[in-house]
Amino acid sequence: MKVMKWSVIALAVAAGTSQMALASQQSESKGFVEDASLDLLLRNTYWNRDHKDGVDDRNTWAQGFITTFESGFTQGTIGVGIDAYGLLGVKLDGGQGDMFPGEPKNWEDDISEAGAAVKFRISNTTLKYGNQFVNLPVIASDDSRLLPEAFTGTMITSSEIEGLELNAGHFTADSPMGSPARDDAGLKSLDVFGGTYAFTDNLSASLYFSDVEDTYDKKYANVNYVMPLADDQSLTFDLNYYKTDNIEDRVAVNADDNTIWSLSAKYAVGAHAFIIAHQRVTGDTGYLYDNGDGGGSIWVANSYLSDFNFKDERSWQASYELDFSSYGVSGLQWKTAYVRGDNIDAAYYGGEGEATERELFNQVSYTFQDGAAKDLTLRARNSILRTNNPAWNDINEWRLYAIYPISIL
């Protein structure tokens with residue numbers, strides 16, 4: 001459960017199209033060492049989750065070390081390289097199962113994991129095999145807590161046509177957050193295919209398909225359109241759609257399919273942005289994820305502490321964003337959001353009638369722009385959730401982060 005980055009697909013396309021030159025990326029390779037990078041991300045986090053009923057509260061303070069190495073590609077028609085990562089999490093106080101392994105109230109004091117993948121590139125197409133982080137709408141590494149989730153498998157990414165990125169993959173293991181095991185999520189196999197195309201600088205679309213063995217099949221579609229209104233004004237529409245079929249009984253008994261979609265509109269003027277969104281769930285279950293396809297595989301508008309993804313739920317969002325750089329404080333940002341969901345099938349979760357939920361979300365972050373602390377980000381996030389859904393409960397939550405990236409090579 002995380003805050004969805006605004007227009008993730010559009011931003012990915014914008015970043016990708018800048019690299020999708022007609023010239024071959026491989027022909028421009030400088031070499032295995034010359035194009036290599038080694039980075040260390042220091043992430044200190046404190047979580048305080050008060051469930052209000054006195055049961056299963058969380059107070060966790062921890063330090064994470066995320067080291068990533070990406071080599072360049074050897075020169076020639078087919079380039080060869082290696083990517084690797086090393087993860088270390090140290091518990092400073094408290095504990096919770098999605099950060100550290102072990103039994104409740106007796107979590108281990110630290111967690112570590114390492115992985116590597118070999119990669120090959122020809123022209124503008126790359127094949128990577130091994131342990132890797134994945135960020136696609138139907139298979140996404142959850143990175144919302146201390147250490148990121150990783151997958152083991154093969155991924156092909158092709159950008160041979162300018163503006164078009166295609167992805168195809170086969171994965172056989174899922175190492176979730178809070179576990180050093182290679183396949184603690186019990187993934188048998190997952191096949192994924194799809195891509196994103198930028199029709200213009202302002203219009204992009206995505207389509208993805210996945211098959212999680214003995215779990216379910218998924219289809220995902222996205223359309224993102226940015227309408228310029230003036231030099232400092234724009235209106236952005238973002239549509240996300242998931243259709244899940246062939247749901248196995250071990251995941252949801254007597255269920256076959258589920259649909260969730262969200263539509264949002266964002267009006268940006270100068271330093272301000274105003275967002276409204278509607279999200280709706282239909283089918284035999286609520287929207288299902290994290291059953292082998294990753295805890296980040298929910299790219300919808302109303303995903304905060306709650307994902308507002310329960311059976312038959314309808315939810316509305318109103319939010320506001322402010323970038324203080326226009327007021328002379330570069331690096332300071334604030335977001336507030338209110339989301340309300342109703343029409344939840346409470347009987348499906350062991351209750352009666354219709355259930356509702358509502359969340360008030362606030363997040364403030366500041367990134368130092370210069371000095372000894374340059375690039376250090378301090379972030380405070382608060383959610384207040386109230387619900388009568390028997391599958392959920394009232395929660396007050398704080399998440400505090402200090403994030404410092406270090407470029408070593």
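Mentor: Strand 3 (78-94), strand 6 (110-122) and strand 7 (125-132) each supply at least two residues of the nonpolar patch. Strands here are DSSP runs of E, at least two residues long, numbered from the N terminus. Before we go on: this is a predicted model, where local features need pLDDT of at least 70 and side-chain atom pairs count only at pLDDT 80 or more, while totals for chains, interfaces and linings use all residues. Residues are numbered from 1 along each chain as its sequence is written, and side-chain values use heavy atoms, with hydrogens and water left out.

Trainee: Which residues form the nonpolar patch on the surface?

Mentor: A patch takes residues with over 30% relative accessible area and no salt bridge; nonpolar side chains (Val, Leu, Ile, Met, Phe, Trp, Tyr) are joined within 5 Å. In this model they are I78, V80, F120, I122, L127, Y129 and I156, together giving about 580 Å² of accessible area (Shrake-Rupley method, 1.4 Å probe, with only the protein chains shown counting as cover). I156 sits in strand 10 (residues 150-158).

Trainee: Is I156 buried, partly exposed or exposed?

Mentor: Buried means under 20% relative accessible area, exposed over 50%, and partly exposed in between (1.4 Å probe, protein chains only). I156 is partly exposed because its relative accessible area is 32%.

Trainee: On to charges. How many salt bridges does a search of the whole structure find?

Mentor: A salt bridge is a side-chain nitrogen of Lys or Arg within 4 Å of a carboxyl oxygen of Asp or Glu. The search finds 21. One of them joins the side chains of E321 and K266 (3.4 Å, N to O). That pair links distant parts of the chain, with E321 in strand 18 (residues 314-323) and K266 in strand 16 (residues 258-269), 55 residues apart. Both E321 and K266 are buried.

Trainee: Which residue does R314 meet in a salt bridge?

Mentor: Its partner is D342, at 3.4 Å, N to O. R314 lies in strand 18 and D342 in strand 19 (residues 332-345), so this pair ties together parts 28 residues apart in sequence. D342 is buried, at 12% relative accessible area, whereas R314 counts as partly exposed at 26%. The side chain of D342 also meets that of R340 in a salt bridge (3.7 Å, N to O), and R340 is partly exposed, at 36%.

Key
Patches are made of residues with over 30% relative accessible area and no salt bridge: like charges are joined within 9 Å, nonpolar side chains (Val, Leu, Ile, Met, Phe, Trp, Tyr) within 5 Å. Helices (H or I, at least four residues) and strands (E, at least two) are DSSP runs, numbered from the N terminus.
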